[in-house]
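Take a look at the picture, then read on.

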Amino acid sequence: MKIADVRSTAFAMPLTNPAYPRGPYRFYNREFIVITYRTDRAALEAVVPEPLEIDEPIVKYEFIRMPDSTGFGDYTETGQVIPVTYKGEKGAYVHAMYLDDDAPIAGGRELWGFPKKLASPKIEHDGDVIVCTLRYGKALCVSASVGYKHRILEAAPIAQSLTQPNFLLKIIPHVDGSPRVLELVRYYMTDIVMKGAWASPAAIDLYSHVACDVARLPVREVISAVHFSADLTLALGEVVFDYLAPDGA
Ligand SMILES: CC(=O)CC(=O)O
């Protein structure tokens, strides 16, 4: 292929058959189960990168079903999201995500900088509860149970919370192993259409694993659990801080 054709064709690897298509990336009937818990402040400070700031030592443990996602297909994801502030604005820092589909792992890492790893999250209905698990290989790393839609919630405040900025630390190494991209990225969810929202009691246990270190942010107290479903678009991101530039800009 001629150099000019490489330049005009290249989007993602492999050159002639990329691991994921171009966006936009729209998710239909995206179902979230979010268990909010209190953790240790020191543990949180050790993982959240400045210039993001933490207020309360809170973690949102999320399980997400994505049965119908343009370009990415049908997959399940789980991970930890941390409420933060950036320049006085409230948002959420995506600390780690585990999922079972290659296209959003590759696209999520390369485009936005999502900290995605391959694993086996499951959301299963079990009588009057939903059972959510995360296995890394054979090992159980997370086990959660959530009551089934105990109380209907107003959807508007949840839709509003989904419009807040989300932050990622995008790390792409150079061929010599040094960081080539080291950026704080901000992205938004847009065109949100809520389908329903519910509150329920929940229990969650995190187990130590060398390659799936969810237990690094231990559960000290479950604060709440919400279950909701929405259509939404995952907009592309923007760089808000460049760690390789002397002043971050
Ligand atoms: C690409 C993705 O799968 C992004 C996400 O975690 O929503």
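Which residues are around the ligand? They are Glu 77, Met 97, Pro 104, Gly 107, Gly 108, Phe 114 and Leu 234, where a residue counts as near a molecule if its C-beta atom, placed from the backbone, lies within 6 Å of it. Keep in mind that this is a predicted model: local features need pLDDT of at least 70, side-chain atom pairs count only at pLDDT 80 or more, and totals for chains, interfaces and linings use all residues. Residues are numbered from 1 along each chain as its sequence is written.

**The ligand shell**
- Helix α3 (residues 102-112) gives the most to this shell, with three residues.
- The shell splits into four nonpolar residues, two polar and one charged. Here Ala, Val, Leu, Ile, Met, Phe, Trp, Tyr, Cys and Pro count as nonpolar, Asp, Glu, Lys and Arg as charged, and the others, Gly among them, as polar.

**The whole chain**
- You'll find four helices and 15 strands; helices (H or I, at least four residues) and strands (E, at least two) are DSSP runs, numbered from the N terminus.
- Along the principal axes, the C-alpha atoms fill a box of roughly 60 × 40 × 35 Å.

- β6 (residues 120-126) and β7 (residues 129-136) pair in the antiparallel sense over seven bridges; pairing takes at least two DSSP bridges between two strands.
- Asp 126 has Val 129 in β7 as its bridge partner.
- In the turn of the β6 and β7 hairpin, Gly 127 has a positive phi of about 65°.
- β7 also joins β8 (residues 139-147) through eight bridges, running antiparallel, and Ile 130 stands opposite Val 146 in β8.

Note on methods. A residue is buried if 20 or more other C-beta atoms lie within 10 Å of its own, exposed if 12 or fewer, and partly exposed in between; C-beta atoms are placed from the backbone.
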